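Subject: Model for you to look over

Hello,

Here is the structure I promised to pass on. Please open it first, then read my notes below.

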Amino acid sequence: MAVDHFSTLDSIIARNSAEQIEFLQALVRAKSANPYTVDKSTPDSGIEKEMAAVIAAQLRAIGLEPTLIGASPERPNVVATLQGAANSGKTLALNGHMDTVMPSKQWTMDPFGATIVGNRLYGLGVLDMKASLAVFIYAAKALLEAGITLGGDLLLTFAVDEEPGGASPYGTNYLLDHGLTATTAIVAEPGLDNVTIGHRGGYRFKITVRGEAAHTGSLQWERRELGKNAIAAMGDVITALRDLEIPSQPAAAFPGRKSVFTFPTLIQGGATINTVPEECIAYGDSRLMPGNTEAQLEGLIRERLDRIEGLDYSLDKLLFVPAVQIATDEPIVQILKVRTQEIAGITPTTEGCGPWNDGWMFISRGIPAICGFGPAGAGVHAADEYVELDSFIATTRIFVRAIIDYLGVAE
Ligand SMILES: [Zn+2]
């Protein structure tokens, strides 16, 4: 029975492929470059508004009823449900972000031109991850055109504000805080060669050391009655944190990896060359393994700094994302592995990835999520990003199979 479905679905996907590619071009042309960092991101910047409108219109065109939901009408996430019969007790959420990074100055093509050269479609964010968003829609369209009723709901979720650091309250987190739930999710960051079973985490922080300003030529400074050099005090902080190691346990998804602490990565201080500096700010970045917590990182830092006599400092967290992993025997992992082998002729690895994404937002809420599986290409966060068009269509064939394998078909 399933075999018949798949040959029908393959013909529909083949028939729709030219239209699917044109739709991807429309997504590339709908600019959604995100200039913000996590702390600067605002709910009303309108970055993904045009993308959301193009996606919502296409969802309506294929017969779904999209909902636009977000912290403000300027930054709507888009959600649509392909209603299943609910006899499987399962719900599968497909998730992707609508924003992109800012274009690199080294592009040799128009980043918004959606130019096709041979098997490649070039565009900013085409691989990361507009192609995946188009795969969701055309997989759903094929299922609808084939008249298939799934055994559970398929949720298509298009989120805002991932690129600043996979930690936004406005995107996937917002959806999960406002009713989105599933029994499994696929966060379709690109690449077919790995079914990504987790990602490392991160803790970014800022240390502010306060001193006291004084004129370097003053008698009070000469006698050390006034003035305290904040930059020199930061030197003590750097020394104290130099050899800090974050304890970490080996994790199946990250073979041979460990947590890494880097401080400082950026430093600011001083006002003029003849003033004792009153403040120095330094930033740090930590890469985390499963089990590391925000409180643990803060404790490790404070333990060392509290020992420095006379140090006036504050420690501020800029971002915390937990490292997450799911078991390789989760049904969706095995399904994607088998179907990729069948359709693309490659056996994907099953490992976690280094840079994090929105995957942890599902996994930390108890929803097993693939943290990366999508079409192939190159140039993510760099110049001349492209998706391979044959992979783009093959991924759609893999997704319809995975959706049916996971949710089943209503009888
Ligand atoms: Zn991405």
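In which strand is Pro 264 found? Pro 264 is found in strand E11. Strands here (E, at least two residues) and helices (H or I, at least four) are DSSP runs, numbered from the N terminus. The peptide bond from Phe 263 to Pro 264 is cis, with omega near -10 degrees.

Two points before the rest. This is a predicted model: local features need pLDDT of at least 70, side-chain atom pairs count only at pLDDT 80 or more, and totals for chains, interfaces and linings use all residues. Residues are numbered from 1 along each chain as its sequence is written.

**Overall**

The protein has ten helices and 18 strands. Its C-alpha atoms fill a box of roughly 90 × 45 × 35 Å along the principal axes. Of its 411 residues, 46% count as buried. Buried means that 20 or more other C-beta atoms lie within 10 Å of a residue's own; exposed means 12 or fewer, and partly exposed is in between, with C-beta atoms placed from the backbone. Take contacts between residues at least 6 apart in sequence: 80% of them join residues at least 24 apart. A contact needs C-beta atoms, placed from the backbone, within 7 Å.

**Domains**

The protein is divided into domain 1 (2–199 + 323–407) and domain 2 (202–320). These bounds come from an automatic or database domain assignment. The domain centres, taken over C-alpha atoms, are separated by 39 Å. Twelve residues from domain 1 and eleven residues from domain 2 make the contact. On the domain 1 side, the residues divide into six nonpolar, four polar and two charged. Here Ala, Val, Leu, Ile, Met, Phe, Trp, Tyr, Cys and Pro count as nonpolar, Asp, Glu, Lys and Arg as charged, and the others, Gly among them, as polar.

The largest nonpolar core has 110 residues. Such a core is a set of buried Ala, Val, Leu, Ile, Met, Phe, Trp, Tyr and Cys residues joined through C-beta atoms within 7 Å. Ala 139, Leu 156 and Ile 403 have the most contacts inside this core. Helix H3 gives the most to it, with 14 residues. The core draws at least three residues from each of domain 1 and domain 2. Leu 156 touches Val 79, Ala 80, Leu 94, Phe 136, Ile 137 and Ala 140, not counting residues up to four places away in sequence.

H3 covers residues 126–145. Of its 20 residues, 18 are buried, so the helix is largely enclosed by the rest of the structure. Met 129 lies in H3, and the peptide bond to it from Asp 128 is cis, with omega near -5 degrees. Gly 147 follows H3 and has a positive phi, near 70 degrees.

**The four-stranded sheet**

Four strands form an open sheet in the order E11-E13-E9-E14, with antiparallel pairing. Strand E11 (260–269) and strand E14 (313–321) stand at the edges with a single partner strand each, so one side of each has no neighbour in the sheet. The twist averages 20 degrees from one strand to the next. Pairing requires that DSSP finds at least two bridges between two strands. E9 (residues 201–210) and E14 pair over eight bridges. Gly 202 has Val 321 in E14 as its bridge partner.

Helix H6 (residues 230–241) packs on the sheet and touches E9, E11, E13 (279–288) and E14. The direction of H6 makes about 145 degrees with that of E9. Helix H7 (residues 294–305) lies across E9, E13 and E14, at about 155 degrees to E14. Axes are lines fitted to C-alpha atoms, for helices over the stretch in contact, and angles run from 0 to 180 degrees between N-to-C directions.

**Loops to check**

Most residues other than glycine have a negative phi, and most peptide bonds are trans. Asp 161 is not a glycine, yet has a positive phi of about 60 degrees. Asp 161 sits in the loop between strand E6 (153–159) and helix H4 (172–177). Asp 161 counts as buried, with 32 C-beta neighbours inside 10 Å.

His 381 also has a positive phi of about 60 degrees. His 381 is partly exposed, with 14 other C-beta atoms within 10 Å.

Ser 41 lies in the loop between helix H1 (2–29) and helix H2 (49–61). Ser 41 touches residues including Asp 161 and Pro 164.

Best wishes

How values were computed: Two residues are in contact if their C-beta atoms, placed from the backbone, lie within 7 Å.
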